[in-house]
Amino acid sequence: MVNAAEYEDRPWLDPEAEPFIKVQSVSKQFGDFTAVDSVDLEIYKGELFCLLGGSGCGKSTLLRMLAGFETPSSGSILIDGVNMNDVPPYERPVNMMFQSYALFPHMSVEKNVGYGLRRDGVAVSEIEQRVQEMLAMVELSQFAKRKPHQLSGGQKQRVALARALVKQPKVLLLDEPLGALDKRLREQTQYELMNIQEQLGVTFVVVTHDQEEAMTLSTRIAVMDTGRFQQIGTPTEIYEFPNSRLVANFIGNANMFEGRVVENGQDHVIVESRHPECNFYVDHGMSIAEGSKVWVALRPEKVMISKQQTADGNTNTVKGMVHDIGYLGGTSTYRVKVGDEHLVEITSPNQLRPKDGNPPIDWDEEVYLSWEPSSSVVLVK
Amino acid sequence: MSTPGETLATADADPKSSLLQRLTRLAQDHWRTLVLFVPFAWLLIFFLAPFFIVLKISMAETTVASPPFTPMIQWVDEGIMHIRVVVDNFAYLWEDDLYVDTYLNSLKISVTSTILCLLLGYPIAYAIARSSHTTKHILLMLIILPFWTSFLLRVYAWMGLLADQGTINDLLIALGLIDEPIRMLYNTFAVYVGIVYTYVPFMILPLYANMEKLDWELLEAAADLGAKPTTTFFTVTLPMTVPGIVAGSLLVFIPATGEYVIPDLLGGGNVLMIGRVLYNEFNANVDWPVASAVAIALLLLLVLPMMLYQHIQAKEAQGS
């Protein structure tokens, strides 16, 4: 019982938890092209799991295999312990929200939402009641009689969501759920989606190419590239501890420095970089043989920028010249030239209003950059 | 006093440029009317005018003259005009069972053929719409290919195939499946074969055009919500292809009802269709007024249901 509480929000850490969806060495080939390349994945009940990647990375194919629209070339998919390989889409305990919403244009909103229940032979009175409840949840009760073409993009999206949820599926698959919405609506809908997920406790599997969407929505993210998972983890893990340059660059921005390990201490490594000329003292757990070639990733917001020298030597600090400033109001983005070529990006909050005693950093000014030993990440690939 | 405004005014006063300018302006202001005028004029000259000529003839009487009917308007005496409108021809169509039966038989044949074309054409159109890009074009080409040969030639070819000593009977006898030829030519069956064969492309093409635009994801959505393939077909595919079905059915039904060549060649004298009756009245009986009345009645028979359908559609469109 202690365990259950401890792992409530992080079931993937619970050694005794049984995964709800199991993807076991699943591959999918289209002719010569391998869309999904022998992937393994475990998703737990109640998770909001994101498959994140660029176009053509195989995320949609994997989702379509979960829905049953594609059959794996090899491997198997288990949902709630049942092998789904030979189960047609109309018998799977999953529902999907399509990227295009795929609302039936010849049916009214309520007919669209009730479609799945009618297929299951639910009594008419119950269908009516459940459709009403669902429409109330997505705040579309007054639009029940409308046809899809009379709705706005955001309303269509909510009809699609209601239609997919009304059957109370074990798993809801969402293909780019916010892709067709404008920015304001996206943010609003994003939180609505999270609330609904929490309310109903349905397992969500979301496919998206938008890292921001993935970060805010999900409990865990799988970063996909060329048909394989590059990294699976919580948004924080993926952002703070990317395991490869690919992941570091895909999620957020990262300054990448090439270097060589010069000291492999017990609780730290020191990486020597030539461009720019500085040493990275990284204090979190990696043991990498001295002399090996590595990359150090440093997030823009983890670099401090100052007109005064704050530290001696050249460990975790470097001198440069401001090349570009992007003023974004709340934050400013600086591009600082260090060495001859290298540009380092820094994002810094504008906490103080610029005034006489605190002149702002200007173009072509000499500045010192520094960062904490825990801020950089050493990557071997 | 030579201000720029004055210069402009003088330019305006120049009659030549002013006329050109006015014409240009007129064309600019009324270009919609101009563009619409051409098709309107076309329809007026080549459809509406002939219709009224036929209508006029249908209200005349036969006479031995050239043309063989009485004129509608005659100058009896100085200044006295005599207008003669005869509706006997229409009454005659209604009273004579031959005409009523022929109309009904034509309708029966064309309705049945339309249904057969739909049953045959729908899966073909569906298969074409769902096939890959290259296959699609080849299949469409195959559908259009027969149009490159004369229609008459193709009907004659069917006579060669269906005749007692035709290809099909010869083949069946050679295979030992039958002992004596099956009678397939000069009966209703042959007419159905001819009509369905000739008109099925007119069913396939509008259906294909409709299905081409269909969002196939809707079928996945239906399956995802628990609909078996047959349910998906009846609840999603079929309702979504109604426009194609209607367009294709009209394109088959209308010409099939008035079809003359196919019942004449493949049906022999055994299949009565209105096109043949019309031909006989006109050529054999030289009764232009009755022939015209037959044509007008046929037109009404075809146009009225169509107008009704359009009216309903317009109402539905307004309602939603």
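Into which domains is chain B divided? Chain B splits into domain 1, covering 4-83, and domain 2, covering 96-286. Keep in mind that this is a predicted model.

**Chain B**
- The centres of domain 1 and domain 2 of chain B are separated by 41 Å, taken over C-alpha atoms.

**Chain A overall**
- Chain A has nine helices and 20 strands.
- Along the principal axes, the C-alpha atoms of chain A fill a box of roughly 75 × 50 × 50 Å.
- Chain A has 381 residues, and 37% of them are buried.
- Take the contacts in chain A between residues at least 6 apart in sequence: 63% of these join residues at least 24 apart.

**Where chain A touches chain B**
- On the chain A side, 17 residues are in contact with 16 residues of chain B.
- Strand S6 (94-97) and helix H3 of chain A each supply at least two residues of the chain A side.
- H3(A) gives the most to this side, with three residues.
- By class, the residues on the chain A side are nine nonpolar, four polar and four charged.

**Helices H3 and H4 of chain A**
- H3 spans residues 109-119 of chain A, and H4 spans residues 124-137 of chain A.
- The two helices pack at an angle of about 130°, and their axes are 9 Å apart.
- An angle over 145 degrees would count as roughly antiparallel, and 65 to 115 as roughly perpendicular. H3(A) and H4(A) are therefore oblique to each other.
- H3(A) passes H4(A) in a right-handed crossing.
- From H3(A), the residues that meet H4(A) are Glu110(A), Val113(A), Gly114(A), Leu117(A) and Arg118(A).
- From H4(A), the residues that meet H3(A) are Ile127(A), Arg130(A), Val131(A), Met134(A) and Leu135(A).
- The contact of H3(A) with H4(A) has six nonpolar residues, one polar residue and three charged residues.

**Helix H2 of chain A**
- How many of the nine residues of helix H2 (residues 59-67) of chain A are buried? Nine of the nine are buried, so H2(A) is largely enclosed by the rest of the structure.
- The buried residues of H2(A) include Leu62(A), Leu63(A), Met65(A), Leu66(A) and Ala67(A).
- Lys59(A) and Arg64(A) in H2(A) are buried too, as are Ser60(A) and Thr61(A).
- Gly68(A) follows H2(A), and the phi of Gly68(A) is positive, near 100°.

Note on methods:
Residues are numbered from 1 along each chain as its sequence is written. Chains are lettered from A and ligands numbered from 1 in the order in which they are written. This is a predicted model: local features need pLDDT of at least 70, side-chain atom pairs count only at pLDDT 80 or more; totals for chains, interfaces and linings use all residues. Axes are lines fitted to C-alpha atoms, for helices over the stretch in contact, and angles run from 0 to 180 degrees between N-to-C directions. Helices (H or I, at least four residues) and strands (E, at least two) are DSSP runs, numbered from the N terminus. Angles under 35 degrees count as roughly parallel, over 145 as roughly antiparallel, 65 to 115 as roughly perpendicular and the rest as oblique. A crossing is left-handed if the near helix is turned anticlockwise from the far one by less than a right angle, and right-handed if clockwise. Two residues are in contact if their C-beta atoms, placed from the backbone, lie within 7 Å. Ala, Val, Leu, Ile, Met, Phe, Trp, Tyr, Cys and Pro count as nonpolar, Asp, Glu, Lys and Arg as charged, and the others, Gly among them, as polar. Domain bounds come from an automatic or database domain assignment. A residue is buried if 20 or more other C-beta atoms lie within 10 Å of its own, exposed if 12 or fewer, and partly exposed in between; C-beta atoms are placed from the backbone.
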